[in-house]
Amino acid sequence: MAGLALSQVIAAMGEKATVPHSTPSVSPRSMDAKRFAASNPLTGQNHENDVAELVIVCKPSLPRMMGTLHPAASLYEKPVNIPQADLQHDRFKKMIQDFGIKVMDVREVLADIGDSVKLRVQLEDLAARSLTYVFDHNDGESSPRASSSTYYASDEYKASVLSAISADQLVDIVLTRPTVTIRCSHRDTGFIARYEFEPLSNLVFTRDQQVTTRKGIVMARLRSSQRQCEVEVMRYVFERLGLAIIGEIPEEAHLEGGDFFPCGDGLCFIGIGMRSDMAAVEYMLHNDLFGTTYVAVVEDRFDQSQDRMHLDCCFNILSRDCVLCWESMLGADSPTRRLVTEFQRDHRGVYTKVREEVEFSEYLTEKGFHIIPVSPQAQLAYGCNVLNVGNQNVIAVNAQTAREIVRSPHFKGDVKFLDFSQITNMYGAVHCASQVVKRSERRPFLGTFFQGI
């Protein structure tokens, strides 16, 4: 990690932490970071328009290269040029950093173990769970090593390999999840290997493996089998950063982070439909994990399109009273309308359903929001999938939507445009590709912001 060590960055974050919501249980390795983790809990976001302080991203790399070999099977929309994707992701990261916001990359967090034996062992254990050895007894020739073949497919041999390689190699294993199948041979070392991989090719979209509510981080449960292992990696990252995890969605339910928006202490939005479901919402309601007076459950009952798999594909929050919405879903007569069921929290933390099947735009208007409509063409180009880094400062990937936002009399902020086309080829944009784990109402920006269109 350039400049500061991971522990120093965490400690520096402690100087600006102003809105504690939870208590971390993992101690970073430096004494400064330990004191910070104990006294300045990090996690929580009250409102999408509050100033972001800590953002987690994951740069496209080796797993994404593997994913590009068959885009459809990797849940990608189109083929991806990885060098261009890397460049676009670097520009995205810098845009966020220009505000003085801390941005941490998953790979950097995993690899930054320094000389700590404890962190080294933890990373080796994570890699061991990601690496599988199989001995093929039915294929190959007998060899002098055949009698000892069990050892070479054993956890003992695996541990000896992992203990000898670099931290970067361990991270490669975690992100590519290889299976090595060996069989006996008369030649050379006595074995022949076949390699298979199940790369975490969608980890670039760090939004989905969890949601960050007012109370803290809730680990999600992803709908697609290709993405299940991402949750374990992100859990490890949060533990390394000393960020508390307050809950985890059970096996029978599904939740993905692109369906969640915080909107103050009084309200949050959670979408259900293709990816997240009501079972996950009920788990969060029952365990009081939202922390808001009202929870608006936005149901996609009629659309169910991959192009709008999450709520952040057709909706976003630009300010305290201004939102983006895909125009085709607006109105009670729309064939793709969304319906809201509202739950209210009492003084005991118990939620009760108070309204149901309210058309989404009607609900938003009642709550005092001004709606900026997004055309069908712009929605398909990820016009709604913007990132509000706070105080109405927005990063957008669709130029048409960016211009319409700044022209709206209801929007008082600014927009910066980013070419993110290689990442959107993977079926997501800047909101999908970022996880804000802390926002603050009171911290001013340290950087500057310029309109880029």
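Where is Ala253 found? Ala253 sits in the loop between β8 (245–248) and β9 (260–262); helices (H or I, at least four residues) and strands (E, at least two) here are DSSP runs, numbered from the N terminus.

A quick word on the ground rules: this is a predicted model, where local features need pLDDT of at least 70, side-chain atom pairs count only at pLDDT 80 or more, and totals for chains, interfaces and linings use all residues. Residues are numbered from 1 along each chain as its sequence is written, and side-chain values use heavy atoms, with hydrogens and water left out.

Not counting residues up to four places away in sequence, Ala253 touches Arg221, Asp277, Ala279 and Ala280, where contact means heavy atoms within 4.5 Å. Its C-alpha atom is separated by 9.0 Å from that of Arg223, 30 residues apart along the chain.

His47 is in the loop between α2 (31–39) and β1 (51–57), and counts as buried with 2% relative accessibility. The His47 side chain reaches the backbone nitrogen of Asn49 at 2.9 Å. Leaving aside neighbours within four places in sequence, the contacts of His47 include Pro262, Cys263, Ile317 and Arg439.

β17 and β18 (residues 393–396) run antiparallel, joined by 3 bridges. Gly390 has Asn393 in β18 as its bridge partner.

**An enclosed helix**

Helix α10 (residues 230–240) has 8 of its 11 residues buried, so it is largely enclosed by the rest of the structure. Among them are Glu230, Met234, Phe238 and Arg240. Just after α10, Gly242 takes a positive phi of about 75 degrees.

**Rings**

The whole structure has 14 aromatic pairs. Rings of Phe, Tyr and Trp (its six-membered ring) pair if their centres lie within 6.5 Å; planes under 30 degrees apart count as stacked, over 60 as edge-to-face and the rest as tilted. Two pairs are set out here:

| Pair | Centre to centre | Between planes | Type |
|---|---|---|---|
| Phe260 and Phe290 | 6.3 Å | 25 degrees | stacked |
| Phe315 and Phe360 | 5.1 Å | 55 degrees | tilted |

Phe260 and Phe290 are both buried. Phe315 in strand β12 and Phe360 in helix α12 are 45 residues apart. Elsewhere, ring pairs link Tyr133, Phe135, Tyr151, Tyr152, Tyr157 and Phe191 into a cluster.

**Cysteines**

There are 0 disulfides in the structure (a disulfide being a pair of cysteine sulfur atoms within 2.5 Å). For Cys314, the nearest cysteine sulfur is that of Cys384, 6.4 Å away. Cys322 is too far for a bond, because its sulfur is 9.7 Å from the closest cysteine sulfur, in Cys325.

Definitions and conventions
Pairing = 2+ DSSP bridges. Buried < 20%, exposed > 50% of the residue type's maximum accessible area, 1.4 Å probe, protein only. Polar contact = N/O pair within 3.5 Å; in protein donor to acceptor, adjacent residues only side chain to side chain.
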